[in-house]
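Here is a short briefing for a first look at this structure. Please read it with the sequence and the model side by side.

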Amino acid sequence: MAEESGQERTEEPTPKRQVDSKKKGQIARSRDFNTMAIVALAAAGLLIMGESLTDGLSQIMIQGLTPSRADIFDPMQLVDNFLATILDALIIILPFLMLMLLASLLSPILIGGWSFSFESLQPKMSKLNPIKGIAKMFSAKSLVELVKTMAKFILVTAVAVVVLWTQADSFLQLGHQSVKTALAHAGELFGWGFLFLTIALMIIAAIDVPFQIWDHMRQMRMTLQEVKDEMKDSEGRPEVKGKIRQLQREMAERRMLEDVPQADVVITNPEHFAVALKYDQEKGQAPVVVAKGADFVAASIRKVAIHNDVTIVEAPPLARAVFYNTEIGDEIPEALYLAVAQILAYVFHLKTAHENGNEEPDIPETTLPDEYKKYTDDFFNKPDGPSH
């Protein structure tokens, strides 16, 4: 795709690209790390279980090579003895085999995580193209792999030669020892040999693992056009954007309605607009808009206010002025201090009257500055006026 469009892969892979790649079985893998892990556990297994393995196998060999006279002349008994010997040998080496199986299963998980994809198992005709196969054989990546293979061969061979050279006397002494002692000693020598070999493989894995991760991320890089197309597919569709905006509005409205019970007063239009104000007397700051809405949202604000005994005051011009000149969380404009103060004073007098059983005060006529007096019914009924 990138080659056909002429664009370079300069963008980091998106989370969606990484998830899709993992579904296809395309994840970072290091065969050298897997080999190192298997050899390391094999060395540990031989050093820990080597003596019991050699003892058990030597007993099986002794029993197999010393049959009774009756068994020798009974062909069926020989077959049964052979099968029993194979079964006993498998039981003895089963823990070691299970350790190797565990190493082969867990080592790939450490790099790239667990991944099983049926898509990667499906046959692809492009893989059967001989021209592409020949091109891969002479590609730069194949050259790098060849150099890596030669370097690994030289390093492992060097370690093996050093181990054999330093332990040559120990290997020669095996011929002068009893069978049982020689087998136990041989298992120990092989265990230490595998351990030294693991050190060499660790060096190789320490180089190969970062390279494989870098190479995998490089292959997953995207062109700028691919990023744009993905964003368009996932979020650019009108129905998706509309759904996202709807969910965002619903979440904002829910959060806003949760603050209405803490308001001191709700000022209404009375039907089309509603604004909820809270005044903190201790802080002495200006009243803050904790909720506002028009039409359906305004009805929801009034409903919550009634349910929580928040005072509702009808002051249409003031409700409209606050609605169109503030956002949720804003303090009211300084020019509206007097009008809001009149409403708050009325609310406080109303609460006092209810507590003392006195007559309710009259709703005051709010005083708006000239620049806010435009928010009248005639203003909103004009064709070019704000819609609600």
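Which residue with a positive phi follows H12? Asp 309 follows H12, and its phi is near 60°.

This is a predicted model, in which local features need pLDDT of at least 70 and side-chain atom pairs count only at pLDDT 80 or more, while totals for chains, interfaces and linings use all residues. Residues are numbered from 1 along each chain as its sequence is written, and side-chain values use heavy atoms, with hydrogens and water left out.

**Overview and confidence**

- The chain has 15 helices and 4 strands. Helices (H or I, at least four residues) and strands (E, at least two) are DSSP runs, numbered from the N terminus.
- The chain has 388 residues, and 30% of them count as buried. Buried means under 20% relative accessible area, exposed means over 50%, and partly exposed lies in between (1.4 Å probe, protein chains only).
- Among contacts with a separation of 6 or more, 75% come from residues 24 or more positions apart. A contact means heavy atoms within 4.5 Å.
- Mean pLDDT is 77, and 82% of the residues reach 70 or more. pLDDT is the predictor's confidence in each residue, from 0 to 100.
- Residues 382-388 stay under 50 in pLDDT, and the model gives them 11 contacts beyond four places in sequence. Where pLDDT is low, the predicted coordinates should not be read in detail.

**Salt bridges**

- The count is 3 salt bridges. Each is a side-chain nitrogen of Lys or Arg within 4 Å of a carboxyl oxygen of Asp or Glu. Side chains of opposite charge can pair when their charged atoms come close.
- Lys 152 and Asp 32 form a salt bridge at 2.7 Å, N to O. This pair links distant parts of the chain: Lys 152 is in helix H7 (residues 140-166) and Asp 32 in helix H3 (residues 31-65), 120 residues apart. Lys 152 is partly exposed at 23% relative accessibility. Asp 32 is buried at 11%.
- Arg 218 and Asp 215 form a salt bridge at 2.6 Å, N to O. Both lie in helix H9 (residues 179-220), 3 residues apart, about one turn of the helix. An α-helix has 3.6 residues a turn, so residues three or four places apart point the same way. Arg 218 is partly exposed at 37%, whereas Asp 215 is buried at 6%.
- Lys 292 and Glu 327 form a salt bridge at 4.0 Å, N to O. This pair also links distant parts of the chain, 35 residues apart: Lys 292 is in strand E3 (residues 288-294), and Glu 327 is in the loop between helix H13 (316-325) and helix H14 (337-356). Lys 292 is buried at 14% relative accessibility.

- The expected span is 1.5 Å times one less than the number of residues.
- H3 bends by about 65° at Met 49. The bend is the angle between axes fitted to the seven residues ending there and the seven starting there.
- Thr 198 sits in helix H9. Thr 198 is buried, with a relative accessible area of 2%. Beyond its neighbours within four places in sequence, Thr 198 contacts Met 36, Val 39, Ala 40 and Ala 43.
- H12 (residues 296-307) has 12 residues and reaches 17 Å from first C-alpha to last, close to the expected 16 Å. Its buried residues include Val 297, Ile 301 and Ala 305.

**Loops**

- Most residues other than glycine have a negative phi, and most peptide bonds are trans.
- Asp 295 is not a glycine, yet its phi is positive, about 55°. Asp 295 lies in the loop between E3 and H12 and is partly exposed at 32%.
- Asp 309 is likewise not a glycine and has a positive phi of about 60°. Asp 309 lies in the loop between H12 and strand E4 (311-314) and is exposed at 71%.
- Pro 361 lies in the loop between H14 and helix H15 (377-381). Pro 361 is partly exposed at 26%. Not counting residues up to four places away, Pro 361 touches Tyr 346, His 349, Leu 350 and Ala 353.
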